[in-house]
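Look at the structure first, then read on.

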Amino acid sequence: MSSNTLTAAEASGPQKPAAGFEGDRQDNTLGGAVRGYLDKLRGGDLGALPAVLGIITLGILFTVLRPGTFLTPLNLANLAVQATPIIVLAMGLVFVLLLGEIDLSAGVVSGVCSAVLAQLLVQGGFGWPVAVLAAIVTGAVIGMFTGSLVGMVGIPSFVVTLALFLGWQGVTLRLIGQGGTVPVREPVIRALANENLPLAVGWALAVLVAVGYAAIELWRWRAKRARDLAHQPLVLVVLRVVLMAVVVLGVTWILSQDRALSAAVDLAGIPYAIPLVILLLLVVTFVLSRTSFGRHMYAVGGNAEAARRAGINVTRIRVMAFVISSSLAAISGILATSRLSSVTPDAGAGNTLLYAVGAAVIGGTSLFGGRGRARDALLGGLVIAIIANGLGLLGVAAYLNFVITGGVLLLAASVDALARRRAATAR
């Protein structure tokens, strides 16, 4: 059947990646679930498996090479904070990549928005709520402009965002001034990356996340079972819940240790940036998986013409993808500003975009459109951060950092291409 004869139902259904076994025709036993998952792997649907294996492998490697440094609470906290701007930027890019588009200007958009934030705080004398809102609105307006050129005018996204990649750097330079740096001393902004939650609050949030995840998973299992729909075996659901609880509570325990280098300083708790990223992850996941807008995103990414014939406003979806991407880029810029406590003329330039795109692709989002999740940005961002952090601890030359990160990205893109080819052959 050609793409022009797809039905409306085929066009409107989300082309979801492999993250479990839901919706498959299988017996509801552990053995059936395992066989179903192996069938998906053989069919080229790898989901987040490469990223998870990458995190585990890199973690073991750097632990062996730097046993007294890599797994210390101080280093793990620094690693998490370093990863947050890239993860948030990659979350926005997931929306664009789902459509088979690209946003080469996302990194410098984060720089423009952080420059707006800094100027309003320092030169304008505004409070942090106004400055943060203005930065996010700036990102949304930029996304509307970019999306309109791509969706309404019909200019290829590569050309539009390449031009804006150059143009927005000029705007940041104009706002900051050549060779200048705007220091940001606003306590609330600086606290995002440099301060920690009280220990009791951190543990309360960790327990809430673990219990909430367990309640949602068990409720979904019970609802599907009651309706006689395909569902995973209960033992697998329980194992997933236990694994999530172990990860969440384990990370909380590590970050709750005193990691100060001096006994006179108390440094313990979860950095404020981490709950913010988790909140954004939950929101983006809900939008993509539980709303009609999210289903339309997958439909347009899978087959834009079929989606249009099914009554989906393809132009609106494209514009909104860029709006969301640039808005999240603004939040990424705010997190980067918090970590550095300043904004420079080259904010968001350099390798910022490349790392964000790499994070999304390494996490499992397809460059060809139609497949991706918010969690891909998180997993891929951790891979990128672990590589940079681990190589830094080993004192590896800077050029090797670029070579190794580029090699990992090329490997991820190759796996994506081969998986799509295998999936097409398996149909």
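Helices are DSSP runs of at least four residues, numbered from the N terminus. The model shown is predicted.

Start with helix H14, which covers residues 314-340. Its 27 residues reach 39 Å from the first C-alpha to the last, close to the 39 Å expected at 1.5 Å a residue. Because 20 of these 27 residues are buried, H14 is largely enclosed by the rest of the structure. After the helix comes Ser-341, with a positive phi near 60°.

Which helix gives the largest share of the lining of the second largest pocket? H14 does, with six residues. This pocket has a volume of about 680 Å³. Of its 29 lining residues, the closest to the centre are Pro-85, Ile-86, Ala-336, Arg-339 and Thr-352. The lining divides into 13 nonpolar, 14 polar and two charged residues.

Next come the charged pairs. Side chains of opposite charge can pair when their charged atoms come close. The whole structure holds six salt bridges. One of them joins Glu-101 to Arg-318, with the closest N and O atoms 3.3 Å apart. Glu-101 sits in the loop between H4 and H5, while Arg-318 is in H14, 217 residues apart. Glu-101 counts as buried at 15% relative accessibility, whereas Arg-318, at 21%, is partly exposed.

Another salt bridge links Glu-217 and Arg-240, whose closest N and O atoms are 2.3 Å apart. Glu-217 lies in helix H9 and Arg-240 in helix H10, so the pair ties together parts that are 23 residues apart in sequence. Glu-217 is buried, with a relative accessible area of 9%.

How values were computed: Residues are numbered from 1 along each chain as its sequence is written. This is a predicted model: local features need pLDDT of at least 70, side-chain atom pairs count only at pLDDT 80 or more; totals for chains, interfaces and linings use all residues. Side-chain values use heavy atoms; hydrogens and water are left out. Helices (H or I, at least four residues) and strands (E, at least two) are DSSP runs, numbered from the N terminus. The expected span of a helix is 1.5 Å times one less than its number of residues. Buried means under 20% relative accessible area, exposed over 50%, partly exposed in between (1.4 Å probe, protein chains only). On a 1 Å grid over the protein atoms alone, a cavity is a set of points where a 1.4 Å probe fits but cannot get out, and a pocket is an open set with protein on both sides within 12 Å along at least five of seven lines; lining residues have an atom within 4 Å of a point. Grid points are joined across faces, edges and corners, and a volume is the space filled by probe spheres set on the points. Ala, Val, Leu, Ile, Met, Phe, Trp, Tyr, Cys and Pro count as nonpolar, Asp, Glu, Lys and Arg as charged, and the others, Gly among them, as polar. A salt bridge is a side-chain nitrogen of Lys or Arg within 4 Å of a carboxyl oxygen of Asp or Glu.
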